[in-house]
Amino acid sequence: GANLTVDGRVNITRTNLTTLTLDGLAGDDTFTIGSGHGYTTADLDGGSPSNTDVATITGDGANAVTVTLGTSPVSTTDATVANTGLGTVNLSGVEVANVVAGAQDVTVNGSAENDDLTYQPTGAEAGTVTKAGLGVVTNLSGVGGLTIDAAAGTDQVTVLGNVSDNTIGVVRGANTSVTVDALQSADIVTASTEHLMISAGLGVDIIALSGTGGPELTIDGGGNGLGGFGLNGDVLSITNTNLGTTTVFTGSTPDSGDIETPDTANNTSFNGIEFLFLNSADPTDDLTVRGPWGGVNNIKLTSGLPGNLASVNDQAPIFFSDFDEVTLVTLLGDNTVTVDPTSLGNVTTVGVIGGLGQTSVKVLGSSGTDAIGFNPTSSTDATVTIAGAVTTNITGSESVTIDGDEGNDTVTVNT
């Protein structure tokens with residue numbers, strides 16, 4: 001059988017034994033376990049939790065590796081590492097577990113309790129997994145594919161960016177895939193993850209979201225850009241798969257809000273985001289932008305770079321190019337809505353819906369000659385047309401202003 005060495009002392013040779021127990025007691029202990037040792041189970045106890053005990057565990061390089069995290073507070077086991085050639089290694093009182101997978105797939109499982117797991121990719125085939133309240137840090141290396149399954153309970157998984165400018169891809173599905181740059185990606189099991197958090201960290205980051213389904217999702221850009229219309233800022237880009245309406249709800253801070261898409265039953269919450277880019281599944285899809293609950297608000301719809309631009313106060317500007325019907329909704333407060341229909345591309349109709357507050361609408365003409373039609377249908381409703389441009393349908397507005405801008409414009413009022 002395999003030899004056991006303790007600090008270079010006498011070797012112990014296994015004969016007809018299936019379980020190995022190593023108790024490090026006090027002190028900073030180092031355990032090294034490789035495959036092919038012959039034991040079915042190895043129990044490693046680091047001793048006092050005030051020390052830094054390290055276990056390096058290497059799989060057989062031919063089969064997948066499974067890491068199962070324990071409960072918090074720890075009952076008997078912090079974590080278990082299992083592999084065909086390695087057997088089962090149980091860790092107690094070990095603060096650092098270095099798991100070497102040998103280019104094989106790794107699955108990290110949570111427990112039956114409510115887990116709060118965090119994954120930090122650290123290399124092309126490496127990453128670190130921690131669990132809130134659990135003392136062991138699991139460093140993974142030589143990883144083929146990584147799956148994180150939070151298991152039972154009401155669980156959250158957080159994937160971290162770093163201090164650099166990151167490009168983070170999130171593809172929703174039965175397993176929601178998260179990639180940070182060219183670092184080790186992670187497949188988050190949707191069925192066992194109630195909430196997924198993407199925390200991009202410092203730097204100017206781009207978070208690209210696509211796919212369907214997936215857990216409830218929060219995107220935290222870190223909020224380190226200039227914001228507004230500055231040259232730098234964190235970007236959230238969403239590309240829809242399913243046809244339908246996308247709705248943007250403004251948040252309580254300029255860099256926050258929620259986005260509802262046809263691709264998932266859960267809204268995507270965001271904060272620390274300076275720019276939004278929305279891409280429809282089809283040009284016949286619709287976009288709705290909802291203003292704040294109260295205050296003095298300025299909502300604008302005009303051309304952007306690229307495509308079209310919807311903006312609400314100093315909230316993250318919304319860039320889009322392929323929604324044919326756009327609706328701007330005011331709620332409470334004193335609201336001014338400005339629509340520039342001659343500048344919009346790929347839009348056929350604009351709707352302005354006034355809420356319980358005061359809403360005034362301003363429709364802009366172009367620098368050329370415009371033939372403008374104003375068609376009131378009630379004391380608060382009207383349609384504004386400009387020949388060759390988008391039609392603006394207005395409901396619930398206390399006033400409408402038409403600004404022809406430059407050129408020899410004509411306005412026809414149809415009552």
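**Close-up views of a predicted, all-strand chain**

**View 1. Aromatic pairs in the predicted model.** Three aromatic pairs turn up when the whole structure is searched, where rings of Phe, Tyr and Trp (its six-membered ring) pair if their centres lie within 6.5 Å, and planes under 30 degrees apart count as stacked, over 60 as edge-to-face and the rest as tilted. One of them joins Phe275 and Phe319 in a tilted arrangement, with 6.4 Å from centre to centre and 40° between the planes. This pair links distant parts of the chain, since Phe275 belongs to strand 25 (residues 275-279) and Phe319 to strand 29 (residues 318-320), 44 residues apart; strands here are DSSP runs of E with at least two residues, helices are runs of H or I with at least four, and both are numbered from the N terminus. Phe275 counts as buried because its relative accessibility is 10%, and Phe319 counts as buried because its value is 9%, with buried meaning under 20% relative accessible area, exposed over 50% and partly exposed in between (1.4 Å probe, protein chains only). The rings of Phe320 and Phe323 have centres 6.2 Å apart and planes at 70°, so this pair is edge-to-face. Both Phe320 and Phe323 are buried, and one aromatic cluster is formed by Phe275, Phe277 and Phe319.

The model is predicted, so local features need pLDDT of at least 70 and side-chain atom pairs count only at pLDDT 80 or more, whereas totals for chains, interfaces and linings use all residues. Residues are numbered from 1 along each chain as its sequence is written, and side-chain values use heavy atoms, with hydrogens and water left out.

**View 2. The surroundings of Lys131.** Lys131 is located in strand 12 (residues 126-131), and it counts as buried because its relative accessibility is 4%. Its side chain is joined to that of Ser111 by a polar contact of 3.1 Å, a term for a pair of N or O atoms within 3.5 Å in which, within protein, one must be able to donate a hydrogen and the other to accept it, while residues adjacent in sequence count only if both atoms are side-chain atoms. When residues up to four places away in sequence are not counted, Lys131 touches Leu69, Gly70, Thr71, Ser72, Ser111, Glu113, Asp115, Asp116 and Leu117, contact being defined as heavy atoms within 4.5 Å.

View 3. Strand 5 pairs in the parallel sense with strand 3 (residues 19-23) over five bridges, and Thr19 has Thr41 as its bridge partner in strand 5; two strands pair if DSSP finds at least two bridges between them. Strand 5 also pairs in the parallel sense with strand 9 (residues 87-92), again over five bridges, and there the bridge partner of Asp45 is Ser92.

View 4. Strand 18 (residues 195-199) pairs with strand 14 (residues 156-160) in the parallel sense over five bridges, and Val157 stands opposite Leu196 in strand 18. Apart from neighbours within four places in sequence, Ile198 is in contact with Val159, Ile168, Val170, Val178, Leu217, Thr218, Ile219 and Asp220.

View 5. Most residues other than glycine have a negative phi. Ala103, which lies in strand 10, has a positive phi near 70° although it is not glycine. Asp181, likewise not a glycine, has a positive phi of about 50° and is found in the loop between strand 16 (175-180) and strand 17 (186-189). Asp181 counts as partly exposed because its relative accessibility is 34%.
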